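Please read this briefing alongside the sequence and the coordinates. It takes the overall fold first and then goes through selected side chains by topic.

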Amino acid sequence: MCIESVNELSIDDQLSIYKNFFEHAPIGLVRTDLETGDFLLANDYAARLLGFENADDMMKNGHSRDFYSDIERGMLIRELRKTGAVNSYEIERSGSLPHSV
């Protein structure tokens, strides 16, 4: 679907396309609260990569601090605020779950 045709869709249809892309992406996608680190959104692929059965399980039983230290999170947030985006940021696992990148 090209950008012009997406712009002609209703907001509900655009949200549906985004949700479908997010949930079925062949990569792990996670969104966290910038201040608290709480998971706001995750797809099942990310959940499985991080040792959970699915995204719902991850949202209920996980927290971003299970995967990296407060220092690493602080560095990540500073970069995000400075540049508006963070790409290819590698972290070392701080909890008991698998390493994440």
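This is a predicted model: local features need pLDDT of at least 70, side-chain atom pairs count only at pLDDT 80 or more; totals for chains, interfaces and linings use all residues.

Residues are numbered from 1 along each chain as its sequence is written, and side-chain values use heavy atoms, with hydrogens and water left out. The protein chain holds five helices and two strands, in the order α-α-β-β-α-α-α along the sequence; helices (H or I, at least four residues) and strands (E, at least two) are DSSP runs numbered from the N terminus.

- Of the 101 residues of the protein chain, 23% count as buried, where buried means under 20% relative accessible area, exposed over 50% and partly exposed in between, with a 1.4 Å probe and protein chains only.
- The accessible surface of the protein chain is about 7,500 Å², and 52% of this belongs to carbon and sulfur atoms; such areas come from the Shrake-Rupley method with a 1.4 Å probe, and for residues only the protein chains shown count as cover.
- Among contacts (heavy atoms within 4.5 Å) between residues at least 6 apart in sequence, 33% join residues at least 24 apart.

**Salt bridge**

- The whole structure contains one salt bridge, defined as a side-chain nitrogen of Lys or Arg within 4 Å of a carboxyl oxygen of Asp or Glu.
- The salt bridge is formed by glutamate 35 and arginine 81, whose closest N and O atoms are 2.6 Å apart.
- The pair links distant parts of the chain, 46 residues apart, with glutamate 35 in the loop between β1 (30–32) and β2 (39–42) and arginine 81 in helix α5 (residues 70–83).
- Glutamate 35 and arginine 81 are both exposed.

**Aromatic pair and surface patch**

- One aromatic pair is counted, under a rule by which rings of Phe, Tyr and Trp (its six-membered ring) pair if their centres lie within 6.5 Å, and planes under 30 degrees apart count as stacked, over 60 as edge-to-face and the rest as tilted.
- The rings of tyrosine 18 and phenylalanine 22 have centres 6.1 Å apart and planes at 35 degrees, so the pair is tilted.
- Tyrosine 18 and phenylalanine 22 are separated by about one helical turn because they are four residues apart in helix α2 (residues 11–24).
- Tyrosine 18 is partly exposed at 45% relative accessible area, whereas phenylalanine 22 is buried at 9%.
- Tyr18 also belongs, with Leu40 and Leu41, to a nonpolar surface patch of about 270 Å² accessible area together; patches are made of residues with over 30% relative accessible area and no salt bridge, like charges being joined within 9 Å and nonpolar side chains (Val, Leu, Ile, Met, Phe, Trp, Tyr) within 5 Å.
- Leucine 41 is found in strand β2 and is partly exposed, with a relative accessible area of 33%.

**Nonpolar core**

- The largest nonpolar core has nine residues, namely Phe39, Ala42, Ala47, Leu50, Phe52, Ala55, Met58, Phe67 and Tyr68, a core being a set of buried Ala, Val, Leu, Ile, Met, Phe, Trp, Tyr and Cys residues joined through side-chain atoms within 4.5 Å.

**Asparagine 43**

- Asparagine 43, in the loop between β2 and α3 (44–49), is buried with a relative accessible area of 1%.
- Beyond residues up to four places away in sequence, asparagine 43 touches Phe22, Glu23, Ala25, Ile27, Gly28, Leu29 and Ala55.
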